[in-house]
Amino acid sequence: MAIRQTTLAAAFALAAIGPAHAEGLKPLQGQVIDLGDVSGVAYYTVERDGFRVVATLAKKDEDAVPVRVVVVLAPDQNLTLSTPHEAGAPADAVEIIRRADTVLIHEAAAGLTN
């Protein structure tokens, strides 16, 4: 339980740094991710090989172990995070996109189905 509380506290602290602006995130600026029953926060740092994006996610209202996804994005690369629903229903999904020196996080376009 202490791990989950620490992770969620860190996630909300990063999210409190400031909301995402239309021009994208700034390094270490957290943005909340909502995937239906799963939520979390994502942020990035600038590394030599690209932008290191870290997303920490956990199931809402449960004592679940959080999952951390880490990816290094080069320009024009993206990552989609999604949670499935019943067969044929669209998934809850967000896209994390790097465009030049900007990182954008937004709801993914409809079309992802299970």
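Student: Where does Asp76 lie?

Tutor: This is a predicted model. In it, Asp76 sits in the loop between β4 and β5 (78-83).

Student: Is Asp76 buried or exposed?

Tutor: Read the relative accessible area. Over 50% counts as exposed. Asp76 has 57%, so it is exposed.

Student: Which residue forms a salt bridge with Asp76?

Tutor: Look for a Lys or Arg side-chain nitrogen within 4 Å of an Asp or Glu carboxyl oxygen. Arg99 is the partner, with the closest N and O atoms 3.9 Å apart. Arg99 lies in strand β6 and Asp76 in the loop between β4 and β5, so the pair ties together parts 23 residues apart in sequence. Arg99 is partly exposed, at 36% relative accessibility.

Student: How many salt bridges does the whole structure have?

Tutor: A search finds 3. One of them joins Lys60 and Asp34, whose closest N and O atoms are 2.9 Å apart. Lys60 is in the loop between β3 and β4, while Asp34 is in strand β1, so this pair ties together parts 26 residues apart in sequence. Lys60 is partly exposed at 32% relative accessibility. Asp34 is partly exposed too, at 48%.

Student: What about Arg98 and Asp101?

Tutor: Their side chains also meet in a salt bridge, at 3.6 Å from N to O. Check each partner's cover. Arg98 is buried, with a relative accessible area of 7%. Asp101 is exposed, at 60%.

Student: Now the overall layout. How many helices and strands does the chain have?

Tutor: There is 1 helix, and there are 7 strands. Read the elements from the N terminus on: α-β-β-β-β-β-β-β. Of the 114 residues in the chain, 39% are buried.

Student: How do β1 and β2 run, and how many bridges join them?

Tutor: To read a pair of strands, check the direction and count the bridges. Strand β1 (residues 31-35) and β2 run antiparallel, joined by 5 bridges. Ile33 stands opposite Gly40 in β2. The hairpin of β1 and β2 has 2 residues between the strands, and Gly36 takes a positive phi near 75 degrees there.

Student: And how many bridges pair β2 and β3?

Tutor: Count 10 bridges, again in the antiparallel sense. Ser39 stands opposite Ala58 in β3. A hairpin of 2 residues connects β2 to β3.

Student: Why is β2 called largely enclosed?

Tutor: In strand β2 (residues 38-47), 7 of the 10 residues are buried, so the rest of the structure largely encloses it. Take Tyr43, which is in strand β2. Tyr43 has a relative accessible area of 18%, so it is buried. From Tyr43 to Val70 is 27 residues in sequence and 10.0 Å in space, C-alpha to C-alpha.

Student: Which residues form the negative surface patch?

Tutor: Asp and Glu count as negative. Here the patch is made of Asp37, Asp61, Glu62 and Asp63. Asp61 is in the loop between β3 (50-59) and β4 (67-73). Its relative accessible area is 78%, so Asp61 is exposed.

Notes. Residues are numbered from 1 along each chain as its sequence is written. This is a predicted model: local features need pLDDT of at least 70, side-chain atom pairs count only at pLDDT 80 or more; totals for chains, interfaces and linings use all residues. Side-chain values use heavy atoms; hydrogens and water are left out. Patches are made of residues with over 30% relative accessible area and no salt bridge: like charges are joined within 9 Å, nonpolar side chains (Val, Leu, Ile, Met, Phe, Trp, Tyr) within 5 Å. Accessible areas come from the Shrake-Rupley method with a 1.4 Å probe; for residues, only the protein chains shown count as cover. The place of a charge is taken as NZ of Lys, CZ of Arg, CG of Asp or CD of Glu. Helices (H or I, at least four residues) and strands (E, at least two) are DSSP runs, numbered from the N terminus. Buried means under 20% relative accessible area, exposed over 50%, partly exposed in between (1.4 Å probe, protein chains only). Two strands pair if DSSP finds at least two bridges between them.
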